Amino acid sequence: MTYAATISASGDEFHAPGPAIFELPSVFPWNGDGVVTKPVLQLVVAAVVVFTLLYLASRKRALVPGKLQFAGESAYGFVRNGIGRDIIGSHDFQRYVPYLVSLFFFILLNNLFASIPLFQFPTFSRAGMAYALAGLSWLVYNYIGIRKHGLIGYLKLQCVPSGVSPAMYPLLVPLEFFSNILVRPVTLALRLFCNMFAGHILLVLFATGGFHLILEYGGIGYVAGPLALVLAVVVSFLEMLIQFLQAYVFVLLNAMYIQGALADEH
Amino acid sequence: MKSLLILAATEGEEHNPLIPLWEEIAISLVVFGILFFAVKKFVVPNFESTFAERTQAIEGGIAAAESKQAEADAKLAELEQQLADARHEAARIREEAREQGAAIVAEMREQAQAESTRIVDHAHTQIEAERQQAITSLRAEVGALATGLAGRIVGESLEDDARQSRVVERFLAELETADAAGENA
């Protein structure tokens, strides 16, 4: 929030935060155009923290868990049972648990970075990072389906709806193909990216706007400014909810796509 | 960093946020890939084996508890059976004792009855015998007395009336002395 305040203080005019606030410089000052920006560092930090916490929690393997192990087991079980087993089914969910668990906690922590002091930047507001995970999801569920049913069988499973007269196929098959094969990765990526992007803009807007009103505007700004700052706090809590929900939805949809790819002819 | 940011913000270098940097895509995939393999290799096996062991421990405990329960049930049934047997036995013994007691009482009563009858009979017999004896001796004595009296009366019969009356008086006096002697004896 300090840099936001700096922005507003640097000119008399208030510049509403736009896409430019997501263009961060490299963390290495001598290489201002480098790719190692804060979100890139956050990716690495998130991976390290997620692995470390999960590993420490799982390491003891006590039958009667301590606090850390219990927390780790609850978190792990939430994804394993609540998403993996309930969606994919108890028969073959086990082999996808590592993917779902690492995906969920990786996205969750990267989203939470938007609200964690010193980070305060949602990693997935960088479109490329959301595209990467969505593309990976697309590859994963299609690969699983093709491996199980073969390419033709899988395409038939995904694109030919059962219980419909063949006369409708010319209309429905392209639609199904479009929605099940083409659109899914796009919606996955955009849902995550847009939520993080918009949430961050909203927060920056309330924060910088609040400071601008107090520092520059005067008059009614002394009333509206603090109100905006209070709203910034409220929005922060809302954002935390969204950060969790987006991670959950992303992994839930992954599990549903995998389940759909594994499904037998229905 | 701040100054650069301000620069970027004020210069308004607009970069379409939907256009990704390919480096970011690559880095994301690499980082996530490493995380995935680390989690798969080091975290999931730990958790899964813990869960499996725990399930096994709980199931083992339940099985052990069930066998203990069954054992206890069997023992309880056995004890109840023994208790019922013992009650039955006790009742049987009590019944037997009662019957035995009643039999003994009846026998005793019968014996006592017999004894008393025997005593009474014995007494009757004795009394009868003594009566017979008394009758016999009385009869003999009265006969002798009557004979003696008759002899005396006949011996002094015709002398006179005075004598006659004397004889009688003497006889009576003798009788009295004999009685007195018998009493004194």
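Helices (H or I, at least four residues) and strands (E, at least two) are taken as DSSP runs, numbered from the N terminus. The model is predicted: local features need pLDDT of at least 70, side-chain atom pairs count only at pLDDT 80 or more, and totals for chains, interfaces and linings use all residues. Residues are numbered from 1 along each chain as its sequence is written, chains are lettered from A and ligands numbered from 1 in the order in which they are written, and side-chain values use heavy atoms, with hydrogens and water left out.

A:Q158 lies in helix 5 of chain A, residues 127-159. Its relative accessible area is 5%, so A:Q158 is buried. The cut-offs are under 20% relative accessible area for buried and over 50% for exposed, with partly exposed in between (1.4 Å probe, protein chains only). Contact means heavy atoms within 4.5 Å. Neighbours within four places in sequence aside, A:Q158 is in contact with A:Y141, A:E176, A:N180, A:I181 and A:R184.

A:N180 belongs to helix 6 of chain A, residues 169-217. A:N180 counts as buried because its relative accessibility is 12%. With neighbours within four places in sequence again left aside, A:N180 is in contact with A:Y141 and A:Q158. The side chains of A:N180 and A:R184 are joined by a polar contact of 3.5 Å. A polar contact is a pair of N or O atoms within 3.5 Å; within protein, one must be able to donate a hydrogen and the other to accept it, and residues adjacent in sequence count only if both atoms are side-chain atoms.

The loop between helix 4 (97-112) and helix 5 of chain A holds A:L118. A:L118 is not a glycine, yet its phi is positive, at about 80°. A:L118 counts as exposed because its relative accessibility is 78%. A:Q120 also sits in the loop between helix 4 and helix 5 of chain A. Its phi is near 45°, a positive value in a residue other than glycine. A:Q120 has 31% relative accessibility and so counts as partly exposed.

Helix 7 of chain A (residues 221-262) includes A:L245. A:L245 counts as partly exposed because its relative accessibility is 37%. In sequence, A:L245 and A:L108 are 137 residues apart; in space, their C-alpha atoms are 8.7 Å apart.

Chain B has three helices and zero strands. Its pattern along the sequence is α-α-α. Of its 185 residues, 11% count as buried. Chain B exposes about 14,200 Å², with 62% supplied by carbon and sulfur atoms. Accessible areas come from the Shrake-Rupley method with a 1.4 Å probe; for residues, only the protein chains shown count as cover.

At the interface, 37 residues of chain B are in contact with 50 residues of chain A. The area buried between the two chains is about 4,200 Å², and carbon and sulfur atoms give 76% of it. Buried area is the accessible area (1.4 Å probe) that two parts lose on being put together, summed over both.

Four salt bridges are counted between chain B and chain A. A salt bridge is a side-chain nitrogen of Lys or Arg within 4 Å of a carboxyl oxygen of Asp or Glu. The side chains of A:R61 and B:E53 meet in a salt bridge at 3.2 Å, N to O. Helix 1 (2-11) and helix 2 (22-155) of chain B are the elements that give two or more residues to the side of chain B that touches chain A. Helix 2 of chain B gives the most to this side, with 25 residues.
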